[in-house]
Amino acid sequence: MRAVQVQEYGGPEVLRTVETEVPEPGPGQVSVDVAYTGVNFADLKARGEGYRVPSLPFVPGLEVSGRVRALGEGVSGVEVGQEVAALTAGGAYADVVVTDATTVFPLPSGVDLRTAATLPTVLPTAYALVHAVGRLQPGETVLVQGAAGGIGTAVGQLAKAAGASGVFGVVSGAAKAKYALDHGYDDVFVVPSTTDSVEFVDEVRAATGGRGVDLALDPVGGETFRASLASLAVFGRLVSFGNASSAEPWQVGQPELYPTGLSVSGFSILTLAQTAPDALRALTEKAFAAVAEGVVSLPVTAEFPLEEASEAHRLMGGRTSTGKLLLRVA
């Protein structure tokens, strides 16, 4: 079978298509004939700096749609040939992937395989940020970094559906701002680089009459994390769900939190899959239901053949992409 492999860390050019053996599922696992694979920023960090990579060589990819190929011992709830979406620990840039049965989800009625590939990481993450971790209430306001990306696109729609009175986004360019405004955002602030983070703090304060936002969602870390914290209203909440800047891990304590009663929490869907798979399944079922009911959609804005995974990485790494990028496998 084909697989896109990384043998050394580096730029998009290190992604190479190779022929390798078809993996077989072990106990509690499922193998999937891949139709589409989602491209995520975590894939770029894995390729470039070894994020969550156990060893070289490795095959990137965290989410797929396709059909169940084979079941490992003890697996129930899915059948061979059934259309599914799956979250994986890696290996999804391939014709066949093996993953734990706990992260394989039958498709909701009316959801096709192309749409399904956009769901496993983005939708449960967005749903958790708005509801399970962020606990957004009707009438509250929310600030979202990366508003035009996959998660940002879903969060804007989910926040509106949850009754947010103001949904504010931060993006890196004017085209992204227009895209975000078409997907649930009331106002979008253009910040070309993280060194301009203080600028969006002033804009958030101006847009909220000096109050700040009730909830801020940050996948960037570093100075952007600090600026998001400074954008909160009294009793505001900040959820960190990534470190795209590769900055030193954030630390906050009494000096930042005590004066206005702020809260900081974190979320990682990949970690949740390992530590609380039942919670992940419940979260994913709710997120998929929101898609099936038409509450949220995630446009596929670019699609590449598997062999052109490097081009997908170049597009995402250039900070010009919006929505969801896919690899077409079968």
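Where is R319 placed? I looked it up in this predicted model. R319 sits in the loop between α11 (309-317) and β15 (324-328).

**Backbone, R319.** I checked phi next. For R319 the angle is near 65°, a positive value in a residue other than glycine. Most residues other than glycine have a negative phi. I then looked at accessibility. R319 has a relative accessible area of 46%.

**Helix α11.** I turned to S310, which lies in helix α11. Is S310 buried or exposed? The relative accessible area of S310 is 14%, so I noted S310 as buried. Which residues does S310 contact, leaving aside neighbours within four places in sequence? I found P12 and L15.

**Backbone, S246.** Another positive phi turned up here. S246 is not a glycine, and its phi is near 60°. I located S246 in the loop between β12 (232-240) and α8 (254-257). With 39% relative accessibility, S246 is partly exposed.

**Peptide bond, L56 to P57.** Which residues does a cis peptide bond join? I found L56 and P57, with omega about -10°. Most peptide bonds are trans. I placed P57 in the loop between α1 (41-49) and β4 (63-71).

Methods. Residues are numbered from 1 along each chain as its sequence is written. This is a predicted model: local features need pLDDT of at least 70, side-chain atom pairs count only at pLDDT 80 or more; totals for chains, interfaces and linings use all residues. Side-chain values use heavy atoms; hydrogens and water are left out. Helices (H or I, at least four residues) and strands (E, at least two) are DSSP runs, numbered from the N terminus. Buried means under 20% relative accessible area, exposed over 50%, partly exposed in between (1.4 Å probe, protein chains only). Contact means heavy atoms within 4.5 Å.
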